[in-house]
Amino acid sequence: MAKIIRPVRVEKSRLPAAPKKSAKPAASALPKRVAKKPAGPKPWTAAEVHEAFSRFRDANPEPKGELEHLNPYTLLVAVVLSAQATDAGVNRATRPLFAVADTPAKMLALGEEKLRDYIKTIGLYRNKAKNVIALSEKLIAEFGGEVPRTRAEIETLPGAGRKTANVVLNMAFGEHTMAVDTHVFRVGNRTGLAPGDTPLAVELGLEKIIPAEFMLHAHHWLILHGRYTCLARKPRCEACVISDLCRWPEKTV
Ligand code: SF4
């Protein structure tokens, strides 16, 4: 008699899983697309930075700021007035002003209205007059009438930001700060010395690479370089003392 062979039933769960149909290949199987960041300029070596600042020093051993002032207080006021204004324009206004008001107390005695008259040739003078009066009041109320010596304290004064604090700390108190204005920002980026999207990034980049022996004057050397040589529209590369070190692809020498 023939043997009856019954089909064996296998439970579904024991069967090997059929490969799933997928419309898209797994992400891991795709070739990775790496977004290419444009390569920045080759960073300066320590020797190159030293060489650049040695040349700035040789060309101008004692650079001076161009904002006229008589003491730390008048320097602070001049810097506050200089926002979006030229140093020459500020000097024209502050010469007669500081002759009558070179301390916070004298500035308060002068009063906001008369102060406005002195500075009305400077842009945003109404707001700046308000700030000068308010910062003078604060100096008297909280700092014994003196300009404080820390960045954090200076930054609490009306109209004074980080750049103002850095200028005052450097010029009045000899601190190794780096104030980044429009010129320093441009030079830091263009030369490749300290590329950065913000003034703070450029400030920190410059502080990191500039040797301490140059830091007292570095801010002035860079401002003067930007103001008179590395001009915004038409840099004078032919007259530039660091042209061979500069990383700007569009330099003309
Ligand atoms: S070479 Fe030209 S672009 Fe470079 S720092 Fe000098 S002036 Fe500026």
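This is a predicted model: local features need pLDDT of at least 70, side-chain atom pairs count only at pLDDT 80 or more; totals for chains, interfaces and linings use all residues.
Of the 253 residues in the chain, 31% are buried. Among the contacts with a separation of 6 or more, 57% are between residues 24 or more positions apart.

**Helix α2 and its two partners**

- Helix α2 (residues 72-81) meets helix α8 (residues 162-173) with axes that come within 10 Å and cross at roughly 145 degrees.
- The crossing of α2 past α8 is right-handed.
- On the α2 side, this contact uses P72, L75, L76, V79 and V80, and on the α8 side it uses T164, V167, V168, M171 and A172.
- Sorted by class, the contact of α2 with α8 holds nine nonpolar residues, one polar residue and no charged residues.
- Helix α2 also packs with helix α3 (residues 87-100), at an angle of about 145 degrees and with the axes 11 Å apart.
- This crossing of α2 and α3 is right-handed.
- Here T74, A78 and L81 of α2 meet V90, T94 and F98 of α3.
- The contact of α2 with α3 has four nonpolar, two polar and no charged residues by class.

**Helix α5: one side in, one side out**

- Helix α5 (residues 112-119) has L115, Y118 and I119 as its buried residues.
- These residues sit on the same side of α5, because they cover an arc of only 85 degrees around the axis.
- E113 and D117 are exposed on the other side of α5.
- The packing partners of the buried α5 residues are α2, α3, α4 (104-110) and α6 (125-143).

- In helix α10 (residues 199-209), the buried residues are P199, V202, E203 and L206.
- Looking down the axis of α10, its buried residues fall within an arc of 100 degrees, and therefore they line one face of the helix.
- L200 and K208 are exposed on the other side of α10.
- The buried residues of α10 pack against α8, α9 (182-191) and α11.

**M178, a buried loop residue**

- M178 belongs to the loop between α8 and α9.
- Is M178 buried or exposed? M178 is buried, because 24 other C-beta atoms lie within 10 Å, where the cut-off for a buried residue is 20 or more.
- Leaving out residues up to four places away in sequence, M178 touches N166, E203, L206, E207, A218 and H219.
- E203 and L206, two of these contacts, are also among the buried residues of α10.
- M178 and L216 are 38 residues apart along the chain, with their C-alpha atoms separated by 8.7 Å.

**Loop residues with positive phi**

- Q84 is not a glycine, although it has a positive phi of about 55 degrees.
- Q84 is located in the loop between α2 and α3.
- Q84 counts as exposed because it has 9 C-beta neighbours inside 10 Å, and the cut-off for exposed is 12 or fewer.
- L124 has a positive phi of about 60 degrees and is not a glycine.
- The place of L124 is the loop between α5 and α6.
- With 14 other C-beta atoms within 10 Å, L124 is partly exposed.

- Which residues come nearest to the ligand? Of the 13 residues around the ligand, these are C230, P235, C237, C240 and C246.
- By class, the shell around the ligand includes seven nonpolar, three polar and three charged residues.
- P249 is located in the segment after α11 (212-228).
- P249 is exposed, because 8 other C-beta atoms lie within 10 Å and the cut-off for exposed is 12 or fewer.
- Although P249 and R190 are 59 residues apart along the chain, their C-alpha atoms are separated by 8.8 Å.

Technical notes: Residues are numbered from 1 along each chain as its sequence is written. Axes are lines fitted to C-alpha atoms, for helices over the stretch in contact, and angles run from 0 to 180 degrees between N-to-C directions. Helices (H or I, at least four residues) and strands (E, at least two) are DSSP runs, numbered from the N terminus. A crossing is left-handed if the near helix is turned anticlockwise from the far one by less than a right angle, and right-handed if clockwise. Two residues are in contact if their C-beta atoms, placed from the backbone, lie within 7 Å. Ala, Val, Leu, Ile, Met, Phe, Trp, Tyr, Cys and Pro count as nonpolar, Asp, Glu, Lys and Arg as charged, and the others, Gly among them, as polar. A residue is near a molecule or strand if its C-beta atom, placed from the backbone, lies within 6 Å of it. The arc is that of the directions from the helix axis to the C-beta atoms.
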